[in-house]
Every structure is written in C-alpha cells, then in structure tokens.
Amino acid sequence: RILIIGACGQIGTELTIYLRNKFGINKVIASDIREGDEALMKSGPFEILDAMDYDAVEEVVIRHEITDVYLMAAMLSATAEKFPMKGWNLNMNSLFHVLNLAKEKKIEKIFWPSSIAVFGPTTPKKDTPQRTIMEPSTVYGISKQTGERWCEYYFNRYGVDVRSIRYPGLISYKTLPGGGTTDYAVDIYHKALKHKKYICFLNAETTLPMMFMDDAINATVSIMEAESKKVKIRSSYNLSAMSFDPEEITESIQKHIPEFKISYEPDFRQAIADSWPQSIDDSEARTDWGWESKISLDEMTEIMLDNLKKKY
Ligand code: VAH
C-alpha cells in the first residue's frame with residue numbers, strides 16, 4: 001500500500017487523486033497534519049498525521065501495511081524565510097523519519113521531492129546542469145540540498161530505495177497558491193478571471209523554470225515505477241518543461257482575456273527568484289527513465305482558465 005504524507009498540499013492533493021485512480025482507493029492512504037477539502041476527505045482512507053512525529057508515522061505505516069511512501073510535506077521557500085527553524089525542522093525531520101523506516105525495512109520505497117531551489121546565485125542560470133555549483137541562499141533550498149545528500153547517503157550506505165526529482169515551479173488549479181515564490185504563476189490565473197488584473201510580486205523579467213502539474217505527477221509516478229537500476233542518480237534529478245517570465249504568461253492569458261492587465265510590485269520574493277536558475281538541463285532524467293514533458297505554456301493557460309472560470 002501507498003502512504004502520502006502531506007496529501008493536502010499542492011502536489012499531494014493531485015498525487016492522491018492520480019494514485020487512487022491508478023491503484024484503487026483503498027491502496028492509497030492519504031495523510032496530513034490537518035484535514036483536507038471535502039473531495040479529498042471523501043475520496044478514501046485518511047489519517048491525521050504529524051510528519052515530524054516518528055512514532056505516529058511508524059504506527060500508520062505498520063497499521064496500513066505501507067510499502068511505498070511519498071513524502072510531500074514541506075514548508076516552501078517564501079514561508080520558510082519567515083520561519084527558518086520551523087521550515088528546517090519540518091523539511092528535515094520528516095525526511096529522516098521516512099529514511100529510517102526504510103533503513104529498518106519497515107517500508108520498501110520512498111519518493112521525496114527536491115526543487116530547483118537547491119541552486120543558488122552562483123549556479124549557471126541557463127540550462128543548469130545536473131551537477132554544478134550549488135550554494136542555495138534560502139532556508140528551503142538549503143533543506144532540499146541537505147535532503148538530497150542524505151537520500152544519496154542512505155541509498156549508498158543502507159540500500160534505501162529513495163527516488164527524488166528537483167521540481168521547477170508547479171502550476172495547478174486544484175489547490176490555491178501556497179507559500180511558494182513561483183506561486184505568482186498560479187495566482188495570476190485566479191486574479192485574471194476575478195479582477196482582469198494582477199499585481200505581480202516579481203518583476204517582468206523574472207524568468208523561472210515552470211511545469212504544469214500533470215507533467216509533474218507523470219514524472220513522479222514514472223520515477224517511482226522505474227526499475228531500480230535505471231535510477232542512477234540517488235540525490236535528485238533535474239526536471240524541466242518550460243521557462244517563462246510574468247510578461248510571457250500575461251501574453252498567454254491575454255489570448256483568452258484580452259483586457260487582462262498586469263502590474264509589478266516586487267517584494268522579498270524577488271531576491272529568492274533571482275537566486276534560482278532560468279532554465280534547467282534535464283537530459284539525465286530523459287536518458288535514465290524516459291522522462292519527457294508534454295504541456296506547453298499556452299496549453300497550460302487553456303487548462304487553467306477552463307477549470308477555474310466556473311469558480312469566478
Ligand atoms: C517554491 N513552488 O516556490 C516552490 C518550488 C521551485 C519552487 O520549490 O518554493
């Protein structure tokens with residue numbers, strides 16, 4: 001059986017729905033620190049679970065005979081800058097608990113999300129390579145870089161089968177924007193429909209690597225289903241789909257809402273975004289386990305507006 005920790009988050013919500021459709025409702029146990037929306041709560045087994053409480057995680061794993069864990073609980077970049085120690089403790093202790101359960105053979109396989117946030121201001125910004133200078137300047141990025149090192153250590157030292165992806169900014173319509181720096185690209189669709197204007201907290205030239213959620217879910221399940229020997233990188237794989245700046249996503253929206261207007265009031269999140277790459281080289285994921293992105297910016301805009309317009 002599969003346990004999703006952080007099932008109410010942006011990725012967790014979609015992963016739960018996808019895995020339940022694929023493997024059956026009762027094969028996928030959703031869990032989070034608090035209850036999720038009604039649709040999620042009604043869609044199958046749910047546990048209130050604190051990812052930082054080892055005994056609680058162990059109890060759920062044993063009671064539900066869990067084999068695979070997707071650890072999707074984390075504090076994202078912008079929020080972690082406001083609460084550094086809380087962000088560090090959540091992002092790291094939750095990972096150690098799951099890695100140690102696998103080391104004790106209580107679970108068989110782990111998925112753990114990393115992020116392009118592991119790269120910092122000294123990293124080459126265009127076509128950022130899989131292996132390169134990584135001096136992350138955010139709490140979130142430091143926790144993801146450290147987490148990658150521990151995943152690789154537990155694989156090499158204890159044979160723990162942990163797999164990981166460095167997600168770019170993810171865009172989806174099933175959850176509201178969270179504490180991410182890339183979440184302007186989620187909020188902009190809501191505001192375009194509701195107000196036909198958006199005040200962006202990043203400046204017009206801020207190009208960031210981005211991906212529609214369906215591509216991210218496909219990549220997550222693909223790497224988890226790949227034969228172990230094909231997963232040659234056990235820190236975390238670069239992954240990429242597209243890169244755009246606020247001007248480009250605005251033009252994409254204006255093809256549907258011509259009167260939509262954007263204005264710019266950069267805040268503390270500008271420095272976070274400026275420390276990240278503009279585009280990512282994901283050739284090793286393509287070679288090792290057959291990754292390929294499918295959804296373009298204009299296709300994403302169409303899907304986002306179609307699914308959100310009924311709300312406004
Ligand atoms: C964030 N959405 O903005 C996350 C992600 C690359 C960005 O890690 O913090």
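Student: Is R131 buried or exposed?
Tutor: R131 counts as exposed, at 59% relative accessibility. Keep in mind that this is a predicted model.

Student: Which residue does R131 meet in a salt bridge?
Tutor: That would be E284, with 3.0 Å from N to O. The pair links distant parts of the chain, 153 residues apart. E284 sits in helix α11 (residues 283-289), while R131 is in the loop between β5 (109-115) and α6 (139-158).

Student: Okay, new topic. How many salt bridges are there?
Tutor: The count comes to 19. One of them joins R63 and E47, where the closest N and O atoms are 2.8 Å apart.

Student: Where do R63 and E47 sit?
Tutor: R63 is in helix α3 (residues 54-63) and E47 is in strand β3 (residues 46-48). They're 16 residues apart, and this pair also links distant parts of the chain.

Student: What about E47, buried or exposed?
Tutor: E47 is buried, with a relative accessible area of 14%. R63 is partly exposed, at 44%.

Student: Which residues are linked with R63 in a network of salt bridges?
Tutor: E47 and E59 are linked with R63 in that network.

Student: Last one: what about D161 and R163, are they buried or exposed?
Tutor: D161 is buried, and R163 is buried too. Their side chains meet in a salt bridge, at 2.8 Å from N to O.

Methods: Residues are numbered from 1 along each chain as its sequence is written. This is a predicted model: local features need pLDDT of at least 70, side-chain atom pairs count only at pLDDT 80 or more; totals for chains, interfaces and linings use all residues. Side-chain values use heavy atoms; hydrogens and water are left out. A salt bridge is a side-chain nitrogen of Lys or Arg within 4 Å of a carboxyl oxygen of Asp or Glu. Helices (H or I, at least four residues) and strands (E, at least two) are DSSP runs, numbered from the N terminus. Buried means under 20% relative accessible area, exposed over 50%, partly exposed in between (1.4 Å probe, protein chains only).
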